[in-house]
Amino acid sequence: MASQELARKLQRRLQWEEAEEGRPQPAPRAFAAREPEPEPESESPARAPTASADAELSAQLTRRLDINEGTARPRRCKIFNPYTEFPEFSRRLIKDLESMFKLYDAGRDGYIDLMELKLMMEKLGAPQTHLGLKNMIKEVDEDFDGQLSFREFLLIFHKAAAGELQEDSGLMALAKLSEIDVAQEGVKGAKDFFEAKVQALSCASKFEAELKAEQDERKREEEKRRLRQAAFRELKAAFST
């Protein structure tokens, strides 16, 4: 009985295997060989700095050539000290001119542009045309930015005191109509070299005297403030007891 059951199982197994062999087998999928992607060319580490250095050197040489040909001016140091660049002006005069400059610098950007200069000349009673205003700026515009820096503003009064401005120019009108007497406070128009040298020495001693006077004034103010604080403490202590 067991042998008959085993024979049937073997027969079924053979029949199943024969059926599997007769069934069509699916064709194997063909996979195209993937070509390796080319690696990006790595730039030589020394190539980029060299190209940058070459471009910087070329820009410097081009600017130097422009300066030599007069189409560009050398850059000035960003740190501007009016007391050393205009030693012929007293500290009081420079401070007065600085106050006047800030008064008309409506944008508070450290420059007086065309519209602000227009307003200044109108306030001084000498209105100028648009072309006249542009000519005023152009005469002292050292960096060609179309506006007046504080240094260029001081240059107006320097030229006025040295007699380098035309009498009917807008800059001369600005210098004359301002409330600051440049001839009294400034260089007094000294042109002779030896006179200017002697005057520079006297200006240096005057500068030191003005600086010492300012320091003494600050000391006096500090002493007054200290006395006021001491009196306030004594009064507070008297009320607290």
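The side chain of Glu-217 forms a salt bridge with that of Arg-220 at 2.5 Å, N to O; a salt bridge is defined as a side-chain nitrogen of Lys or Arg within 4 Å of a carboxyl oxygen of Asp or Glu. Arg-220 is likewise partly exposed, at 45%. Both residues belong to helix α10 (residues 193–240), where they stand three residues apart, about one turn of the helix. Helices (H or I, at least four residues) and strands (E, at least two) are DSSP runs, numbered from the N terminus.

The model is predicted: local features require pLDDT of at least 70 and side-chain atom pairs count only at pLDDT 80 or more, whereas totals for chains, interfaces and linings use all residues. Residues are numbered from 1 along each chain as its sequence is written, and side-chain values use heavy atoms, with hydrogens and water left out.

Helix α10 also holds Arg-226 and Glu-223, which are separated by about one helical turn because they lie three residues apart. Their side chains meet in a salt bridge of 2.4 Å, N to O. Arg-226 counts as partly exposed at 44% relative accessibility, and Glu-223 counts as partly exposed at 36%. Elsewhere, salt bridges with shared partners link Glu-85, Glu-142 and Arg-151 into one network.

A further pair is found in helix α5 (residues 114–123), where Glu-122 and Lys-118 are four residues apart, about one turn of the helix. A salt bridge connects their side chains at 2.6 Å, N to O. Glu-122 has a relative accessible area of 40% and is partly exposed; Lys-118, at 32%, is also partly exposed. Over the whole structure, the search finds 10 salt bridges. In general, side chains of opposite charge can pair when their charged atoms come close.

Helix α7 (residues 150–161) is mostly covered, with 11 of its 12 residues buried. Among the buried residues are Phe-150, Arg-151, Glu-152, Phe-153 and Lys-159. The expected span of a helix is 1.5 Å times one less than its number of residues. The 12 residues of α7 should therefore span 16 Å, and the end C-alpha atoms are 17 Å apart, which agrees. Just after α7, Gly-163 adopts a positive phi of about 75°.

Conventions. Buried < 20%, exposed > 50% of the residue type's maximum accessible area, 1.4 Å probe, protein only.
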